[in-house]
Every structure is written in structure tokens, then in C-alpha cells.
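Here are my notes on this one, as numbered points. Have the viewer open while you read.

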Amino acid sequence: MSDFVTLESVDLQYGGKGGVLALSGTDMSIRKGEFAAVVGPSGCGKSSLMKLVTGLTPSTAGQIKVDGQTVSGPLKCVGMAFQNPTLLPWRKLLSNVMLPLEIVQPHRGRLMRHRQEYVEKARGLLKMVDLQGFEERHPWELSGGMQQRANLCRALIHNPDLLMLDEPFGALDAFTREELWGVLQDIWMEKRFTTILVTHDLREAAYLADVIYVMSARPGRVIATHRVDLPRPRTLETTFEPRFIEIVHTIRNEIAQIREESRAA
Amino acid sequence: MYSSNRRSLHLLMPWLVLAVLLTVWQLSVVVFEIPSFILPSPVAIYHAFQEYRPIILHHASLTMMNTMIGFGFGVIVGVLLGIFIGTIPMVYSGLYPVLIGFNSIPKVALVPIIVLWLGIGQPTAIATAFILCFFPIAVNVATGLATVEPEVEDVLRSLGASKIDLIRKIGLPRAMPFFFASLKISITLAFVGTVIAETIASNDGIGYLMMQASSQFRVPLMFAGVAVIAALGILTYVIFAFIEKRMTGWAIRGKK
Ligand SMILES: Nc1ncnc2c1ncn2[C@@H]1O[C@H](COP(=O)(O)OP(=O)(O)OP(=O)(O)O)[C@@H](O)[C@H]1O
Ligand SMILES: [Mg+2]
């Protein structure tokens with residue numbers, strides 16, 4: 001399989017010279033159809049990394065390639081779910097989820113004539129994340145966790161080639177979160193889009209990912225890469241297997257060490 | 001029960017205040033024997049209104065028409081200007097300060113100039129109404145467009161949205177509450193503009209009527225004119241406030 005996303009010694013400095021150095025010498029290569037997770041201490045530049053890969057923020061140095069093309073502007077057709085759900089308050093849930101269809105081709109051209117088909121699809125996604133019955137509500141009538149789940153649907157509706165998730169389950173309770181791991185894994189196994197998931201939850205990373213990148217404290221760079229070779233589909237039972245626990249432990253120790261080092265420095 | 005009682009009380013309050021004011025006014029005029037050419041009593045004003053009703057209504061309808069035409073132009077120009085300023089940063093930096101400067105000119109000072117260009121009469125009234133009312137609309141629409149949350153924009157940009165898409169899908173809907181809020185302000189300003197122009201340079205309209213009444217010392221008629229303008233101003237304000245509430249319920253999260 002070929003590399004779908006590659007970063008070569010990428011730097012990112014906010015606010016020009018003398019500004020915050022968020023990333024420094026970051027290398028990554030993610031294969032097509034692979035599920036990658038990025039973990040690291042808070043403020044190490046994970047969200048910044050997402051914006052770099054999608055071309056929303058230009059890098060200060062280094063090269064980023066997606067699907068063989070050097071990223072120089074916003075990519076098209078990425079599915080993105082940010083840390084805070086950015087649903088549009090004037091749209092009801094269903095039309096919020098369907099928003100990407102109004103932008104991305106070929107759906108954009110087909111939406112008018114095949115509306116019913118798309119509505120069914122959106123309803124199906126909402127059902128999968130347990131939001132049926134809320135299609136006609138406004139986002140502000142929903143809880144934070146419900147908004148995050150709808151946010152995930154919006155990121156998936158247009159069958160993106162690349163899915164970028166920035167702590168999509170942050171505001172959810174443990175049970176819902178674990179349930180959604182299963183849902184996301186099912187969808188991913190069916191469609192096999194390349195995915196980059198930023199998370200603080202190491203179990204989440206180990207459950208979902210093929211490969212886990214561990215980042216250092218700011219300025220962030222990749223200091224360790226772990227392949228998760230557990231068979232799929234993984235279940236909650238998997239999370240109690242020794243191999244799973246071992247991976248989580250190793251990464252936890254690495255991050256604890258980073259935090260100590262950065263505190264000492 | 002309790003809350004619905006309270007709600008109707010809230011709706012009643014303005015009328016109560018008005019009634020009290022008018023009563024105090026009437027009583028003071030009677031008790032202190034204030035001559036009607038200084039301050040006519042509400043009852044006297046009402047009689048004047050009854051007496052001159054056809055004339056007042058004729059002039060009021062002209063004022064209303066001029067206001068609405070000026071306001072219509074104001075909305076069109078204000079919205080276009082607002083979109084222009086709010087979506088192109090370079091235009092924002094260039095035009096915004098100039099507009100602020102323009103807006104700080106007392107508009108009455110412009111009326112003689114407008115008269116010079118458009119002559120005495122309806123066009124001047126319309127132009128003055130327009131000049132007074134387009135500014136809040138332009139500024140509000142521009143503000144709404146320029147303050148779109150970057151994260152929301154990022155979501156659309158990563159889908160390959162064009163600048164036009166961004167304006168259509170998030171800029172304009174977001175600017176709607178700002179726009180409707182500015183309509184309420186602008187319609188009142190448009191009234192002010194029309195009446196100012198009519199008092200200075202017109203042969204009809206409420207402003208003209210009041211100048212006439214003033215020169216003939218028909219004080220109750222003047223007050224009747226003021227009352228009619230106030231009523232029209234409130235009426236249009238209420239209409240736009242209602243439209244605002246209907247159109248932008250999401251902005252106040254469905255609260256009353
Ligand atoms: N727009 C910005 N302008 C200036 N500095 C920024 C900006 N965005 C982020 N930063 C800085 O870059 C660093 C990395 O931020 P980033 O949001 O990428 O961290 P993160 O790893 O996502 O953190 P968290 O896990 O808490 O979400 C932080 O120190 C932050 O202060
Ligand atoms: Mg972050």
C-alpha cells in the first residue's frame with residue numbers, strides 16, 4: 001500500500017518570527033486506508049497538525065503531501081470534526097449533517113434531484129449514533145455530547161477519502177464513547193477511508209488505530225510510533241487482553257516521561 | 001397561571017405608562033392654567049387631530065411614503081455595501097473608517113446640499129431618509145459577516161468551499177440577526193430624515209405641516225403632527241421587531 005499522508009520535517013510557528021513554535025520537525029507517513037491516532041500532552045500541537053494536513057494553515061517549513069500532491073491550500077473533500085462541535089445554530093440537525101453535500105461534488109450537483117436518497121443516508125447516520133428523533137431540532141437544543149455525535153455524522157456524510165477527527169468523543173461519557181468506538185470502527189471497516197484521530201484517551205487510540213503516533217511536549221514532534229497489530233473487529237473484550245493493556249501501558253509511560261522532562265526543562 | 005398573568009402585565013406596562021403620562025399632562029395643563037399656545041393639553045391635541053384629520057393624514061401618508069422609499073434604498077445599498085465590506089478584508093480596512101467619519105457628520109448639515117442637487121420636494125426627503133438609514137444596515141451586515149467563527153469557516157473550507165459558498169452558507173445566515181436588528185434602528189432614522197428634510201425643504205409631508213402650523217401659531221396642530229409621527233415610528237418599529245423575531249429565532253436560542 002502507498003502512503004496517503006506524509007509529513008517531512010514540518011515546522012509550524014504561529015505569529016511569525018518569535019511567535020509560538022507549535023510543531024518542529026514533525027515526520028509522519030500514513031498509508032491509504034489506514035487508521036492513525038495521534039496522542040500527546042495538551043498544547044503540543046495536535047490540533048495544529050490537523051489544520052496543517054488539511055491545508056487550512058500553511059506550514060512554516062517542511063513538506064506535507066496528501067495523495068501524492070503537495071498541500072498548498074485547503075484540501076477538498078475532507079471529512080473533519082473539530083474539538084468543539086461547530087454545528088450551525090440556524091440549521092436543524094438534519095440539514096447540519098447534510099451541509100457537506102451542498103459543497104462537495106458530485107453530491108452538490110445531485111442533491112436537488114436525489115434529495116430523498118441523501119436524507120435517508122443522513123437519517124441512517126444519525127440513527128447509528130443514537131440521535132434518531134432529533135433530526136428537526138436545532139443544535140442548541142442538544143447536549144454537548146449529542147452535538148459531538150452529530151458532528152461526526154457531518155464529517156462522514158459525503159464519504160470522504162480522508163477523515164480528520166480532533167477529540168471527537170471528548171465530551172461523552174465512558175459508555176457512549178465506547179459504543180461510538182464500535183460504530184466508527186464499523187463504518188471505517190466498511191469504507192476504509194484514511195483516518196487521523198487526535199485523542200487524549202489512550203484506550204481509544206489503541207482500540208481504533210492501526211498506528212499510534214506519540215508526540216512530545218511543545219514544540220511537538222513525533223517521538224514514538226506504535227503499530228497496533230490486534231485483529232479486527234476489535235470489541236470491548238479486546239481492551240482487556242494483555243497485548244492491548246501492554247500497548248496502552250507503554251504509551252502511558254512514554255507520555256508520563258515527556259511530561260516530566262518538559263517540567264524539568 | 002402566575003407566569004401568564006405576569007406576561008400580560010408586561011404587555012400592558014407601556015400603555016399604563018402612557019396613560020399615566022397623559023393624565024399628568026392633562027391635569028397639569030388644567031391646574032396650572034397653561035395657555036394652549038405654549039403647551040396644549042392631550043384633549044386639545046386630540047380635538048385638533050379630529051379637526052384637521054384629512055390634512056394630517058394626507059401629509060402623514062406622504063411622509064410615510066417618502067420614508068419607505070428612502071428606507072428601501074437604504075436597505076438595498078446598506079446590504080450590498082455591508083456584504084462588500086464584510087467579505088473583503090481590504091475593502092473593510094479601506095471603507096470602514098471612511099464610513100465612520102461620514103456617519104459622524106450631523107446629517108441636517110447635508111440637507112442644504114441635497115436641496116442644491118435635488119431641489120425642494122420629495123426627492124430631497126427620500127434622499128435624506130436614505131442617507132440617515134443605510135449606515136447602520138451596512139455596518140451591522142459587515143459586522144455579522146466579518147465575525148464568522150474561524151472554526152466554522154474551516155469546516156467548510158476543508159470541504160473545498162469557495163468564497164461565495166462561505167458567504168452563502170455561513171456569512172449571510174449569521175449576519176441575519178445583525179441585519180434585522182439594524183432594520184429596527186434604520187426605519188426610525190429614516191423617519192427622522194424625512195421629517196427633517198420636510199421641515200427644511202418641502203411643500204408637503206408632516207414636517208412641512210408642522211412648520212406651517214408653527215408659523216401660524218396653531219400649536220395643538222403641531223402637537224397632533226408630532227403624535228402622528230410618533231405613532232408611525234412605533235408602528236413600523238413593532239412590525240420590524242416582529243419580523244426579526246420570526247426570522248432569527250435561533251439567535252436568541254428560542255427564548256422569548
Ligand atoms: N491560532 C493560534 N495562534 C497562535 N498560537 C496558537 C494558535 N493555535 C494554537 N496555538 C498555540 O500552538 C500550540 C499548540 O496548539 P494546539 O491547539 O495545536 O494544541 P493541542 O495539541 O491540540 O492541545 P489540546 O490537546 O489541549 O487540544 C499551543 O501552545 C497554542 O498556544
Ligand atoms: Mg487540540
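1. Handedness first: helices α8(B) and α10(B) cross in a right-handed sense. By the convention used here, a crossing is left-handed if the near helix is turned anticlockwise from the far one by less than a right angle, and right-handed if clockwise. Helices here are DSSP runs of H or I with at least four residues, strands are runs of E with at least two, and both are numbered from the N terminus.

2. Before going on, keep in mind that this is a predicted model, where local features need pLDDT of at least 70 and side-chain atom pairs count only at pLDDT 80 or more, while totals for chains, interfaces and linings use all residues. Residues are numbered from 1 along each chain as its sequence is written, chains are lettered from A and ligands numbered from 1 in the order in which they are written, and side-chain values use heavy atoms, with hydrogens and water left out.

3. How do α8 (residues 163-200) and α10 (residues 219-247) of chain B pack? Their axes are 9 Å apart, at an angle of about 165°. Axes are lines fitted to C-alpha atoms, for helices over the stretch in contact, and angles run from 0 to 180 degrees between N-to-C directions. The pair is therefore roughly antiparallel; that label applies over 145 degrees, with roughly parallel under 35, roughly perpendicular from 65 to 115, and oblique for the rest.

4. α8(B) has another packing partner to look at: α7 (residues 150-157) of chain B, at about 140° and with 11 Å between the axes. That angle makes α7(B) oblique to α8(B). The crossing of α7(B) and α8(B) is right-handed.

5. Zooming out, chain B has ten helices and zero strands. Its C-alpha trace spans about 75 × 60 × 30 Å along the principal axes.

6. Now the ligand. Ligand 1 has 14 residues around it, and those that come nearest are A:Ser42, A:Gly43, A:Lys46, A:Ser47 and A:Ser48; a residue counts as near if one of its heavy atoms lies within 4 Å. The shell splits into four nonpolar, seven polar and three charged residues. Helix α1 (residues 46-53) of chain A gives the largest share, three residues.

7. Check the polar contacts (pairs of N or O atoms within 3.5 Å). Oxygen atoms of ligand 1 sit 2.6 Å from a side-chain N or O atom of A:Ser42 and 2.7 Å from one of A:Ser47. A:Cys44 takes part through a backbone N or O atom, 3.2 Å from a ligand oxygen. The protein covers 64% of the 630 Å² of accessible area that ligand 1 has on its own (Shrake-Rupley, 1.4 Å probe).

8. Last, some backbone geometry to inspect. Most residues other than glycine have a negative phi, and most peptide bonds are trans. A:Ser9, in strand β1 (residues 3-13) of chain A, has a positive phi near 30°. The A:Gln105 to A:Pro106 bond is cis, with omega about 5°, and A:Pro106 lies in the loop between α2 (93-97) and α3 (107-110) of chain A. A:Arg232 to A:Pro233 is also cis, omega near -5°; A:Pro233 is in the loop between β10 (222-227) and α8 (242-264) of chain A.

Terms used: Polar contact = N/O pair within 3.5 Å; in protein donor to acceptor, adjacent residues only side chain to side chain. Nonpolar A, V, L, I, M, F, W, Y, C, P; charged D, E, K, R; others polar.
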